[in-house]
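Please look at the sequence and the structure shown here. The paragraphs after them are meant to be read with both in view.

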Amino acid sequence: MGSNERPAPLRLGSTAPDFEAETTAGPIKFHEFIGDGWVVLFSHPEDYTPVCTTELGAFAKLEPEFTKRGVKLIGLSANTIESHGGWIKDINEISGSELRFPIIGDKERQIALKYDMLDHQDATNVDQKGIAFTIRSVFIIDPKKTIRTILSYPASTGRNTAEVLRIVDSLQTGDKHKVTTPINWVPGDDVIVHPSVKGAEAEKLFPKMQIVKPYLRFTPLPKEETSAAV
């Protein structure tokens, strides 16, 4: 595959590609970094840009909530580690937070290409200032190195960090309790019994189950029993 050719697209259920990279916290091997926990990998178009600065500050403020759930955060921007270092000072000053998670230096966009974080154009296409046209990608990866969620936002639209955390809660709670979560669910709301749980097993596991339709069965799940309870 040529240096500018796109790899096969990643899908939900794909194994997260491994890579080695320099970060603001030192060199990493990604699968070793994941270890036996969860990871949120997210990309940014460029250092010292307004939307990215607000996003990094928001992730920094919310990092303790991710940490409680066994989730590591790691960012990526198509700049050098030295550039990241100066930018982090600005982020901390503006947001009043202390950014602790690593940011990958991907100036050549090798990782961005591997994870298909680039806009639909030639990978060498940059503007007059050399700004790489990456998009705001989010990958939620579980301890098996499986990609569980992929989100893509345009460069002009900042992400909702609370929604990323909500997805983590949904995935972790669903894995533990054999449930799925309905629209706009937040921890403490009723959940849906997973379709794979049938008959007597469902009645045993979920004695308060409410059957709306044979395929739609709700059950209460207190916040204290979700991943948000940590």
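The model is a predicted one. The protein has six helices and 11 strands. Taken along the principal axes, its C-alpha atoms fill a box of roughly 65 × 45 × 30 Å. Of the 230 residues, 46% are buried. Contacts can also be sorted by how far apart the partners lie in the sequence. Among contacts with a separation of 6 or more, 65% are between residues 24 or more positions apart.

The next topic is how helices pack. Two packed helices are described by the angle between their axes and the distance between the axes. Helix α2 covers residues 50-68 and helix α5 covers residues 161-177. Their axes come within 10 Å and cross at roughly 20°. Because of this angle, α2 is roughly parallel to α5; the cut-off for that description is an angle under 35 degrees. The crossing of α2 past α5 is right-handed. On the α2 side, the contact is made by A58, F59, L62, E65 and F66. On the α5 side, T161, A162, V164, L165 and V168 take part. Sorted by class, this contact of α2 with α5 has eight nonpolar residues, one polar residue and one charged residue.

The spacing of such positions can be read against the geometry of a helix. An α-helix has 3.6 residues a turn, so residues three or four places apart point the same way. In α2, the residues A58, L62 and F66 are among those that meet α5.

How does α2 lie against helix α3, and at what angle do the two axes cross? The axes of α2 and α3 come within 9 Å and cross at roughly 70°. The two helices are therefore roughly perpendicular to each other, since angles from 65 to 115 degrees count as such. From α2, the residues C52, T53, L56, G57 and K61 meet W87, I91, I94 and S95 of α3. By class, the contact of α2 with α3 has five nonpolar, three polar and one charged residues.

Now take α3 by itself. Helix α3 runs over residues 81-95, which is 15 residues. From its first C-alpha to its last, α3 reaches 21 Å, close to the 21 Å expected at 1.5 Å a residue. Its buried residues are S83, H84, W87, I88, I91 and S95. Just after α3 comes G96, with a positive phi of about 70°.

How many of the residues of α5 are buried? The number is 12 of 17, and α5 is mostly covered. Among the buried residues are T161, V164, L165 and V168, and these residues also belong to the contact with α2. Others that are buried in α5 include I167, D169, L171 and H177. The buried residues of α5 pack against α2 and against the strands β3, β4, β6, β7 (147-153) and β8.

One of these strands, β3, covers residues 38-44 and holds S43. Is S43 buried or exposed? S43 counts as buried because its relative accessibility is 0%. Leaving out residues up to four places away in sequence, S43 touches L76, M117, I135, R136, S137 and R159.

Some loop residues complete the tour. A78 lies in the loop between β4 and α3. With a relative accessibility of 9%, A78 counts as buried. A78 and Q110 are 32 residues apart in sequence, and their C-alpha atoms are 9.3 Å apart in space.

D116 is in the loop between α4 (110-114) and β6 (136-141). Its phi is positive, about 55°, although D116 is not a glycine. At 35% relative accessibility, D116 counts as partly exposed. K178 sits in the loop between α5 and β8 (179-180). K178 is likewise a residue other than glycine with a positive phi, here near 60°. Its relative accessible area is 44%, so K178 is partly exposed.

How values were computed:
Residues numbered from 1 in each chain as written. Predicted model: local features only at pLDDT ≥ 70, side-chain atom pairs only at ≥ 80, totals over all residues. Heavy atoms only, no water. Axes fitted to C-alpha atoms, helices over the stretch in contact; angles between N-to-C directions. Helix = DSSP H or I, 4+ residues; strand = E, 2+ residues; numbered from the N terminus. Parallel < 35°, antiparallel > 145°, perpendicular 65-115°, else oblique. Left-handed = near helix turned anticlockwise from the far one by under 90°. Contact = heavy atoms within 4.5 Å. Nonpolar A, V, L, I, M, F, W, Y, C, P; charged D, E, K, R; others polar. Expected span 1.5 Å × (residues − 1). Buried < 20%, exposed > 50% of the residue type's maximum accessible area, 1.4 Å probe, protein only.
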